[in-house]
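Keep the viewer open as you read.

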Amino acid sequence: MTAPDSTTSVVRLDIPGGKELAHRDVAANGARFHIAEMGDGPLVLLLHGFPQFWWTWRHQLPALAEAGFRAVAMDLRGVGGSDRTPRGYDPANLALDITGVIRSLGEPDAALVGHDLGGYLAWTAAAMRPKLVRRLAVSSMPHPRRWRSAMLADVKQSTRSSHIWNFQPPWLPERRLMADDAALVGRMIRDWSGPRLPEDDAVAVYQRAMSIPSTAHCSIEPYRWMVRSMARPDGIQFNRRMKMPVRVPTLHLHGSLDPVMRTRSAAGSGEYVEAPYRWRLYDGLGHFPHEEDPVAFSAELINWLNDPEPDR
């Protein structure tokens, strides 16, 4: 099952200052993935979270390209212009999608930049395929083992992530996401942002993307796996596998007002990094720091990417 051609006008959008932005599809890990790219230089692969798609990186793409990087934002499996497959939404397979895209782009490695679910998968890819990850930057998401322990042991974190628990029943969550032109997506993005609320036009873009057939179901499937697998052998095995430390320089970004992920849940992820680890807390920002203050976020990211010896 693949994304229909009618999604092109919804997904393949222009961005401010993105005259050189190119859209194309690449094959990886048995599926087809839509990417948006611009610039030349070392590869920086940008991974979106829920409930968004590649367009969330519209500010970082031109900033990275201008700074001398090959900036590529991909749509994760089941989202945007990428294939909507009937299965394959566990984090290990989604991480192989990401590393497969790196290889399909003809690059030896990449700096991964992930937000929310994209950050969870970036952590996973860095542990599973360390030779393909040059550096790691994660926003608004703790290390997978920290996420699991916080969801199980911290009542406040579990409450903040109530949407994940609400995704577990069959069919009904998809219907809620799709209802009234994906109005719930708009409420989530506004509620999860800090004081700098997104523009209505931007929210409408995400609502239209979620309204593409099968997107709601595919967007929810990774969260179903993350919860339902906690007591299953595959989930226990994945959690053990994530004990493998990250051995590349890591930048961890977080908004102090994030209503979805507590700061104390994200902090401490450096325990799983055996390399320079930099923690950056943005005062006054919520769950989407790269959109709420794109100038500060891009500057922090680019300065860190250019730093030959990032400190701890």
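The largest pocket has a volume of about 200 Å³. A pocket here is an open set of points on a 1 Å grid over the protein atoms alone, with protein on both sides within 12 Å along at least five of seven lines. Grid points are joined across faces, edges and corners, and a volume is the space filled by probe spheres set on the points. Bear in mind that this is a predicted model, where local features need pLDDT of at least 70 and side-chain atom pairs count only at pLDDT 80 or more, while totals for chains, interfaces and linings use all residues. Residues are numbered from 1 along each chain as its sequence is written, and side-chain values use heavy atoms, with hydrogens and water left out.

So who lines that pocket? Helices (H or I, at least four residues) and strands (E, at least two) are DSSP runs, numbered from the N terminus. Sorted by class, the pocket lining has six nonpolar, three polar and two charged residues. The nonpolar set is Ala, Val, Leu, Ile, Met, Phe, Trp, Tyr, Cys and Pro, the charged set is Asp, Glu, Lys and Arg, and the others, Gly among them, count as polar.

Between H7 and H8 there is a loop that holds Trp 171. Its phi is near 70°, a positive value in a residue other than glycine. Most residues other than glycine have a negative phi, and most peptide bonds are trans. For the peptide-bond side of that, look at Phe 50 and Pro 51, joined by a cis bond with omega about 0°. Pro 51 sits in the loop between strand E3 (43-47) and helix H2 (60-66).

Follow H8 onward and you meet helix H10 (residues 215-228): their axes come within 9 Å and cross at roughly 135°. Axes are lines fitted to C-alpha atoms, for helices over the stretch in contact, and angles run from 0 to 180 degrees between N-to-C directions. H8 and H10 are therefore oblique to each other. (Under 35 degrees counts as roughly parallel, over 145 as roughly antiparallel, 65 to 115 as roughly perpendicular and the rest as oblique.) The contact, meaning heavy atoms within 4.5 Å, is made by Pro 173, Glu 174, Leu 177 and Met 178 of H8 and Ala 216, His 217, Ile 220 and Arg 224 of H10.

Compare helices H3 (residues 91-104) and H4 (residues 117-128), whose axes come within 9 Å and cross at roughly 80°. That makes H3 and H4 roughly perpendicular to each other. Their contact residues are ten nonpolar, two polar and no charged.

The largest cavity holds about 100 Å³ of space. Of its 14 lining residues, His 48, Leu 76, Val 79, Leu 117 and Ser 219 lie nearest its centre. H10 turns up again here, with the largest share of the lining, three residues.

Terms used:
On a 1 Å grid over the protein atoms alone, a cavity is a set of points where a 1.4 Å probe fits but cannot get out, and a pocket is an open set with protein on both sides within 12 Å along at least five of seven lines; lining residues have an atom within 4 Å of a point.
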